[in-house]
Structures are given as structure tokens and as C-alpha cells.
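Please look over the fold shown here. The report below walks through its parts for a first-time reader.

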Amino acid sequence: MGLPSDDPVIIREPENAGDPSVITISCPDKTGLGCDLCRVILFFGLSIVRGDVSTDGKWCFILFWVVEGRAGASETRWGLLKKRLLEACPVATSASEIYNSFYSQQEIMAVEKQPQVYLLKFSCYDRMGLLHDVTMVLCELELTIRRVNVSTTPDGRVMDLFFITDTRELLHTKNRKDETCDRLKGVLGEGMTSCDVEQTVEDFTAFLRSSSTLPPSITEEMFTLELPEEPWKAPLPAPSRLSVTMDNSLSPAHTLIQIHCPDHKGLLYDIMRTLKDYNIQISYGRFYSYQGGDCEVDLFVIQMDGKKLVDPNKQKALSGRLKMNLFSPLRVALVNRGPDLELFVANPVELSGKGRPLVLYDITLALKMLQIRIFLAEIGRHTIGGSEWEVYRILLNDDHFLSSSKNKIVDRVTKMLMGWN
């Protein structure tokens with residue numbers, strides 16, 4: 001295991017084009033730290049191609065090899081990435097704090113401050129790719145879209161309502177509000193006729209809940225937690241290419257989890273969020289993504305009580321959830337809504353309440369590439385089968401008949417979300 005460093009996060013950019021950048025993290029440990037770090041890296045549009053982690057439960061040492069992987073993204077802002085990774089790391093200022101930080105962080109997580117929600121309202125004329133261009137600006141400003149309501153009038157005007165939170169916690173200031181509207185004006189041009197940002201006072205958790213109901217056919221098709229029997233639906237890989245095994249014979253103190261599966265964008269995040277939700281701690285792990293598209297993961301883990309995972313029922317539950325989250329971390333479906341088509345995309349929400357980053361960015365980019373305009377859009381959370389899901393509902397404009405079949409739309413959106421372009 002690495003030694004504590006004066007600089008908890010070090011980023012070494014590649015010397016040669018095409019080589020990965022190396023992120024070194026040395027800081028106090030906490031349950032779910034790997035998940036939080038992987039979420040930050042995913043938000044910045046980076047793909048982890050290799051990883052090593054070791055910890056004694058109090059201090060951890062992590063290495064990530066990352067490459068730029070987000071389609072249409074601007075150049076990575078390494079300084080800002082380092083700042084966000086530092087914010088995800090627990091802070092310890094003395095030897096006693098280092099070795100007590102793991103336990104104190106559990107209390108901190110329980111009372112984590114809820115972010116302030118703001119309503120961004122603007123009006124403009126509709127055009128191809130509008131919602132994606134707006135989403136890209138908000139991502140670059142580090143404004144997280146919590147809910148959205150986009151509607152188009154018959155005369156081609158769009159009224160956009162974005163409920164957002166500010167990673168920088170500055171949106172209450174005039175300068176930050178002006179910066180947001182100016183950046184939108186730069187993308188939308190003279191077609192933007194109004195822009196306003198105001199603070200909302202709703203309870204954050206209740207605010208995220210969707211007031212609309214989902215069609216029964218969608219809930220049955222999209223939210224199953226069981227792997228499908230072959231033949232499966234393309235473009236997802238064959239379930240037979242995915243294996244999760246657990247072994248208690250190789251270590252006297254740890255359970256070894258071995259995973260072999262096809263690679264996808266955010267794969268390590270999907271593994272880490274699953275382990276975090278099951279309160280599983282990683283003592284040592286390695287991750288490697290091969291050029292052929294397959295990944296190998298070895299994780300030596302313990303439960304919260306410091307013991308191995310020996311209960312067959314717990315092993316089966318964790319193994320099944322890992323397989324499903326790796327086979328289909330996001331669910332995509334396209335259904336008829338009268339004469340129109342409605343696109344549904346759903347992803348699980350962590351038990352901490354955090355959702356997957358950049359989902360709306362990828363959906364809107366895929367539709368923009370297909371030359372399909374968006375008539376209505378909505379984001380909301382639903383509790384289904386005891387799990388919370390973030391559901392994106394996109395009503396497509398009738399020009400989709402001219403550009404793509406239903407299968408092509410589902411295929412393109414799925415591949416964009418999974419990073420298979």
C-alpha cells in the first residue's frame with residue numbers, strides 16, 4: 001500500500017498522444033470512496049482503462065489510468081478534475097484523525113448537506129440539437145440537471161425549465177447567474193428571448209420524485225433485475241460473456257470477487273456503486289480493460305463487520321445484482337404514444353441518492369446525430385420493486401419518421417450511453 005502524500009491527488013498527463021493519463025490518489029478511506037471517485041471521473045468524460053486500489057480500511061492508495069472517451073466533449077480540464085477528486089476524498093489533518101476518519105465519515109455521510117435547487121427558465125426558437133447544446137453548456141458550467149421540463153409550442157418556440165444544482169455553490173450570486181445566461185446566449189444566439197435563474201424552496205428529496213406515472217408495459221419490460229435468457233436483444237452483449245465468481249479459499253481474511261465482462265462506459269463506477277449499496281469494502285483490487293473490449297476485475301473484499309462474505313444467500317444476491325448492473329446498467333425502450341414515439345431511459349439511483357452523470361447529455365447527443373428533434377422532455381424518480389430509478393422521458397418530434405426506425409433509435413441511444421460508438 002502507498003504511503004500518505006502531502007498532495008492527495010496527483011494527475012500525470014501523457015507524454016505521448018494516445019497514452020493514458022495516470023491519476024494517483026492517497027487519502028483516508030471511507031465506505032463508497034471508490035464509487036464517489038469513479039463518478040467524478042465519469043462526469044469529466046473519462047474512461048478508466050486500468051485501476052489498482054489497496055487499503056487497510058483507514059488509509060487507501062488508488063491508481064487510475066484514464067483516457068478521454070466522451071463524444072463531442074471539450075478538452076479535459078485537469079485542474080478542475082483534481083479539485084473535484086480532492087473534494088470527494090476525506091480530509092485528515094493528524095495521525096489520530098487519519099485512523100479515525102473511516103468511522104467519522106460514516107456519520108458525515110448520514111448528515112450530508114442537501115444541495116440548493118435553482119430553476120433556470122429560458123425561451124427560444126426550436127432547432128435541431130437544441131436540448132443537447134444546452135445540456136453541454138450546463139455540464140461545462142458544472143450545473144447538475146436534477147429535473148427538466150421542455151415543451152415546444154406549435155409556432156416553434158421552446159420553453160425550457162431546468163431544475164439544477166450548482167457544484168460550485170455560487171448560483172445565488174449575480175455573477176454566476178449572468179455567466180449562465182451569457183453562456184446560453186452564446187450557444188442559442190438571438191433566438192433566445194428570455195433567461196432567468198431563481199431559487200426554489202422545495203424539499204430536495206421530495207422534489208426529485210416524479211408526479212407522472214409510467215405505463216405498465218414499461219415497468220414490466222425495463223425494471224427487471226433478472227438476466228434475460230438467450231437470445232437477448234441487441235445491441236447488449238450476450239449474458240454468457242459475463243461471469244461473476246466468489247472464492248473464500250484464497251485468502252484467510254477476504255472474499256475474492258472475480259469479474260469477466262465486456263467493457264462499457266462507467267463499468268468500474270457500476271461495480272463500485274453496487275458494492276457501496278451492499279456495504280462491501282474493498283481491501284485490494286485490480287481492474288484491466290483489454291483492447292478487444294473485455295475486462296477483468298479482481299477484488300478482495302470484506303463486509304462492514306470486517307468478515308468475509310460466506311452467507312450463500314448474500315453471495316447470490318450480490319452476484320446477481322453485479323451481473324445485472326454490468327449487463328444493462330441503463331435501460332432503454334421506445335413505445336408508441338398515440339401517433340408519436342416516446343423514448344424511456346432509466347438508470348438506478350445509488351442508496352446515497354446520487355444518480356448517474358451525463359445521461360441526458362448522451363441521450364440528446366444520440367438524437368442530434370440521428371437528426372431527431374425533441375418535442376417534450378422530463379426527468380423524474382420512481383420507486384419500483386424496492387429500488388429507486390431515475391427515468392428520462394423524451395417525446396420525439398414527428399420528424400423521426402424521416403430519419404430512423406425504432407430499432408435504430410434504441411440502438412444508437414444504447415450505444416451512446418454504453419460508450420460503444
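Predicted model: local features only at pLDDT ≥ 70, side-chain atom pairs only at ≥ 80, totals over all residues.

Residues are numbered from 1 along each chain as its sequence is written, and side-chain values use heavy atoms, with hydrogens and water left out.

**The eight-stranded sheet**

Helices (H or I, at least four residues) and strands (E, at least two) are DSSP runs, numbered from the N terminus. Two strands pair if DSSP finds at least two bridges between them. An open sheet holds eight strands in the order β8-β5-β7-β6-β15-β16-β14-β13, and the pairing is antiparallel. Its edges are β8 (194-199) and β13 (331-337), each pairing on one side only. On average, neighbouring strands are turned by 25° against each other, direction ignored.

Within the sheet, β6 (residues 143-152) and β7 (residues 157-166) run antiparallel and share nine bridges. Ile-145 stands opposite Ile-164 of β7.

Two helices pack on this sheet. Contact means heavy atoms within 4.5 Å. Axes are lines fitted to C-alpha atoms, for helices over the stretch in contact, and angles run from 0 to 180 degrees between N-to-C directions. Helix α5 (residues 174-188) touches β5 (118-125), β6, β7 and β8, and its direction makes about 25° with that of β5. Helix α10 (residues 359-369) touches β6, β14 (340-348), β15 (374-384) and β16 (387-396), and its direction makes about 25° with that of β16.

Buried means under 20% relative accessible area, exposed over 50%, and partly exposed in between (1.4 Å probe, protein chains only). Strand β12 (residues 294-303) is mostly covered, with seven of its ten residues buried.

| Strand | Bridges to β12 | Direction | Facing residues |
|---|---|---|---|
| β10 (residues 255-262) | Eight bridges | Antiparallel | Thr-255 and Val-301 |
| β11 (residues 280-289) | Nine bridges | Antiparallel | Tyr-284 and Phe-300 |

The hairpin of β11 and β12 has four residues between the strands, and Gly-293 takes a positive phi there, near 105°.

**A buried helix**

Helix α1 (residues 33-43) has eleven of its eleven residues buried. Among them are Asp-36 and Arg-39, along with Leu-37 and Phe-43. The buried residues of α1 pack against strands β2 (21-28), β3 (46-55) and β4 (59-68), and also against helices α2 (78-88), α4 (130-140) and α8 (267-277). Gly-45 follows α1 and has a positive phi, near 75°.

**Cysteines**

A disulfide is a pair of cysteine sulfur atoms within 2.5 Å. A search of the whole structure finds one. Which cysteines does the disulfide join? They are Cys-181 and Cys-195, with S to S at 2.2 Å. The link is left-handed, with -80° about the S-S bond. Cys-181 lies in helix α5 and Cys-195 in strand β8, 14 residues apart. Cys-181 counts as buried because its relative accessibility is 16%. Cys-195 is at 23%, so it counts as partly exposed.

Cys-27 is in no disulfide; its nearest cysteine sulfur, that of Cys-89, is 3.6 Å away. Cys-27 is buried, with a relative accessible area of 2%. Cys-261 is also in no disulfide, and the sulfur of Cys-295, the nearest cysteine sulfur, is 5.3 Å away. Cys-261 is buried, with a relative accessible area of 2%.

**Nonpolar cores**

A nonpolar core is a set of buried Ala, Val, Leu, Ile, Met, Phe, Trp, Tyr and Cys residues joined through side-chain atoms within 4.5 Å. The largest has 102 residues, and Phe-64 and Phe-162 have the most contacts inside it. Helix α1 gives the most to this core, with eight residues. Not counting residues up to four places away in sequence, Phe-64 touches residues including Leu-37, Cys-38, Ile-41 and Leu-268.

**Helices α4 and α5**

The axes of α4 and α5 come within 10 Å and cross at roughly 145°. The contact includes Val-134 and Leu-138 of α4, with Leu-184 and Val-187 among the residues of α5.
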